[in-house]
Amino acid sequence: MALSETENECPGGEGGESIVQTCVLGGFGESCETRALLSSLSEVHGSMVTSESATQRFLVIMNRYQEQPHLLDPHLEWMLNMILEFVRSEKSPPSLVHLSFKFLYIICKVRGYKIFMQLFPHEVADVQPVLDLLSRQDPKDSETWETRYMLLLWLSMTCLIPFDLYRLDGHLESDGGKAREPTMDRILAIAKSYLLVCDSPRDAASVLVSKFMTRPDVKQKRLGDFLDWSLTTISQTKLQQIIWMSYLFPAPTILQCLEQKNLSESSQAMLRKLGVKLIQRLGLTFLKPRLATWRYQRGSRSLAANLSMSQSTTVAATPDVETQKLEEDYDIPEELETVIEHLLVGLKDKETIVRWSAAKGIGRVTGRLPKELADEVVGSVLDCFSFQETDNAWHGGCLALAELGRRGLLLPSRLTDVVPLIVKSLTYDEKRGACSVGSNVRDSACYVCWSFARAYEPEELEPFVTQIASALLITAVFDRNVNCRRAASAAFQENVGRQGTFPHGIDIVTAADYYAVGNINNCYLNISVYIASFPEYTEAMIDHLIAMKINHWDSVIRELSTKALHNLTPKAPNYMATTVLPQMLPMAVGIDLHGRHGAIMACAEITHALYKLGLQTNRAMVFSHNTVDVITFILSTVCGLIEKLSLSKMPFKNETVINYLFVTYSLIFILLHLQVAVVSALSALCEEYYQDEPGQANSGMQDVLVSQYIEGLKSPQMLTRCGSALALGSLPRFMIHSKLNQVCLGNQMCTVSQKDGSFTEARRDAVKAIAQVCVKAGVCAHGSPDSALCSENVAGVYGALLNSMNDYTTDSRGDVGAWVREAAMTSLMDVTKLVASIAPEILLVKCMMCCLAQQAAEKIDHYRAHAGNVFLRLLHSTEPAVPHIPHQEELLSIFPTTTSLNWNAPSQAFQYITQLLGLPQYQYHTLLGLTVSVGGITETLSNQSSSMYRRTRKTLNALMSMNHMVSIPFLKMLDQILANSCFEIFTTQDNHQFCVDLLALCKECKKTKDISKLRACVTVFCGLIQFQGEVRKKVLSQLLMLLCHSYPVIRKTTASQMYEMLLTYDDVINPEMLDDVMTLLSDTNCDLATVRTHRNQLCDWLGVPRPQVVTKHTCIKLSL
């Protein structure tokens, strides 16, 4: 019914759900490349690499046409002929033959064997060569199964020649005097042998048997013996060979044999499916090959005729009664009852392929039964639709009904029984554990509706139009599974076109087409509103949401359902107020958790929608006393309802329920997933209920709230800290009046020290809250620090935010400190723009812009882009303009207002950022940021190296004192700088001070026990070897000491790096000794004592003093 998609659908994420677009090809565009590939088979077959490469390329070409294989038809013949030339050639080696058949199999797989096998040459002269080639194959060779598969298909075509096979035998005595086996017996022996294998040639062998055994000469001479052999084989095996039985002429003995084997209880789905196919074919042999005369035949199936409004109607053709009686007057064998029983059991199988095969079998067999017996079969199928049956039985029953309806075997008199069951199937959803089953049932029910549209005249379905149309639209809009929504949309569209009686069909099909229903948010929030504008569907849609969706196991579906009810309320306000809300209130206090959650949210959304509707119509919203009591109870437990009722201005001011709500908020902050909703509701709650006068807070509640949340910032529980920070940031302005200094200091307490790496989320939320509080409090340069942002407290606010810009906390999740840095950048921008617009004289801009430049030079694309955008927004801001920006004119020349810069792309961002190295105020922080994003450093840095020496020394010292996250990138940066010869100007001078300082820094790093840092340090030492003088000897001395490090991995790394270094810098050692040095460096698997001996030898060859082993003396204090 719908395109096959894998969707374990989480509807909440469907806002960005993509629409599947099929690439429609116009023809076979790779004809020339395919010819070249096929021509090259004789050249590539000898090498596994080249043959595999050619095969993979051919697979890529052919797989493009899996959806449109008919495009290959004009080209199949020449491809087949080119490949068969290699097969027929006596000079072709076996590897070329096998490769050729592999290519043939690829084509056959894409086009289908039934079409492709017809192109094989099937002259008399082809029989013996194919038979001989197939006889030479090894059935156990797993590498050449494609050869055997294609040869069996070829043989199945050649055995169709219209001559008796004995004419091909000639004289049965060979030259050696031995009797030669007849061709018929050879083919039969090969077929039998391949029917017993377990790989794909077995399928081709079954095709060969079906073609071969139906020949008149073979049927006369070999069919009886073959059937005896087949039954004997089945009785002696585990039914692995059942696949080929479906191609033979059946007999009652075969049915008896299958019953003894209990085929339906097999654990193999394919075996059960083939058993069902075989049983239905057995059943057909018991019945006359005819079409039932009693079947329902629709007179016209023209779509144009249905859409036209002509008065002429075609009447279903029905044969006369006497003809029906004559054709139905024959005996039905008793074995047929067994056949139908097996097919009905197959409808309940746990695998879809078995159920689908059984449904088609029910349709085929029923089409040959008399009317009374066929009606009994329909009744047995309807028994599958019992709530005591599993979803498998419902699915199989729907498939069977669709087949019966499509074939005209489901008479209109049965529609009164069938339609209610199909309507139930369209909403079938059974909970199993933490999820539910039934999507396949709903999809197959859509298929039933689709088949009914084609099977019946409009007047037959007219009594059921309302039921079917409403059920299909409900599934198309509200089903959780996208395949079901699309299937229902297709079925509705088919009914609109074929039947022409669905209300407002064309309008709805236009709005709810295949692509529109792909997005579940669009379905619930937009399409449902449009469909509900037609009164025939309004109440049905609302009732379905109330009965099936607001108590759904998926919380996202419950939330979408309540939002849909909010949007549907204006379509039926009286029905919502008088019928729906009274139903919701008992559910809100029921025992079902999902039902309670959905009912509470539904009450909130419907109440809010009625309130907004009342404002538009100037009508007051009136509730009964019982309704108010229940809502009061809900207010004490659910934050979402609190927010909506606060926005609705419900009359609860100065009542005890408000204190109850305050207690609820105190407890609910421990739940992280509820904090955003709680904070959103808190602001509305304070605005409505905690003001004594407009703009004046209730002093008692103000003190209690602010004190509690500030105290929560010190909690050992991270979630409590997060909730308290978010709550402080959400308080209205009147709640923080005269409390600003206390609130800001409290937030600063959340942002201090990163020693333990904990509370990262709390620091992030606290940073956000600082900006929110400051924006709400406003700015007054000479005002009170408790009431507004002023000259006395602005430094503290900026200090807290700038301190957060240095948060580089890491844990198992990675650089979590980036969350804090991102929040700090956003908060700095908000506070800066606020202050610049009112009191620019108290701004502190210099340090902020430098820190933003540092963040804009770091390696994580997302955070670099955020920092760069904040930097440019402050630089280019005109309303208000931000004063006191260091080097503002130079910055505007680097970043003009017309610049379109993609900060996410390092290739674009770093070419601008490195220009900041020429601005003294930004040099230190920019280099600090570039160090972390070591991968972005290029030779641009070398132009600044000489003039930046003093400041670089300061930066290097700062970097080495920073944490593990920065020191290792610094060492990697040094390695790249040295490798790119950025310090080449220092190599011409012996013992330059810059080189000495670099060496001293790296020597300090060598003392660590961190393997990653030691490896980076070894790489930098090898890069420092380019410097001349004493620096080189000291570097060699450090490397030779690391060559005897206590960690074997460091010894091995050092030896490998020195090996590469000596190959790169040929002036380090005398060329005559190079081979000996390389030999010693290559041997690093020795024990430490042997390595130390080798190290000392290297010291002598390199002219470096041997390191002396220092003995550690341990003082032992004796107690007398």
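Histidine 884 is exposed in this predicted model, with a relative accessible area of 51%, where exposed denotes over 50% relative accessible area, buried under 20% and partly exposed the range in between (1.4 Å probe, protein chains only). The backbone of histidine 884 has a positive phi of about 65°, although the residue is not a glycine, and its place is in the loop between α43 and α44. Histidine 887 is found in the loop between α43 and α44 as well; this residue has a positive phi of about 55° without being a glycine, and at 23% relative accessibility it counts as partly exposed. The loop between α43 (861-876) and α44 (888-894) is also the place of proline 880, and the peptide bond leading from glutamate 879 to proline 880 is cis, with omega near 0°.

Residues are numbered from 1 along each chain as its sequence is written, and side-chain values use heavy atoms, with hydrogens and water left out. Because the model is predicted, local features need pLDDT of at least 70 and side-chain atom pairs count only at pLDDT 80 or more, whereas totals for chains, interfaces and linings use all residues.

Helix α27 (residues 535-549) packs against helix α28 (residues 555-568) at an angle of about 155°, with the two axes 10 Å apart; the axes are lines fitted to C-alpha atoms over the stretch in contact, and angles run from 0 to 180 degrees between N-to-C directions. This angle makes α27 roughly antiparallel to α28, a term applied to angles over 145 degrees, while those under 35 count as roughly parallel, 65 to 115 as roughly perpendicular and the rest as oblique. The contact (heavy atoms within 4.5 Å) involves Ile542, Leu545, Ile546 and Lys549 of α27 together with Ile557, Arg558, Ser561, Ala564, Leu565 and Leu568 of α28. These residues divide into seven nonpolar, one polar and two charged, where Ala, Val, Leu, Ile, Met, Phe, Trp, Tyr, Cys and Pro count as nonpolar, Asp, Glu, Lys and Arg as charged, and the others, Gly among them, as polar.

Helix α29 (residues 573-588) bends by about 40° at valine 580, and proline 582 follows within four residues; the bend is the angle between axes fitted to the seven residues ending at a residue and the seven starting there. The buried residues of α29 are Tyr575, Met576, Val580, Leu581, Met584, Leu585 and Ala588.

Across the protein chain there are 54 helices and four strands, taken as DSSP runs numbered from the N terminus (helices H or I, at least four residues; strands E, at least two). Buried residues make up 52% of the 1120 residues in the protein chain.
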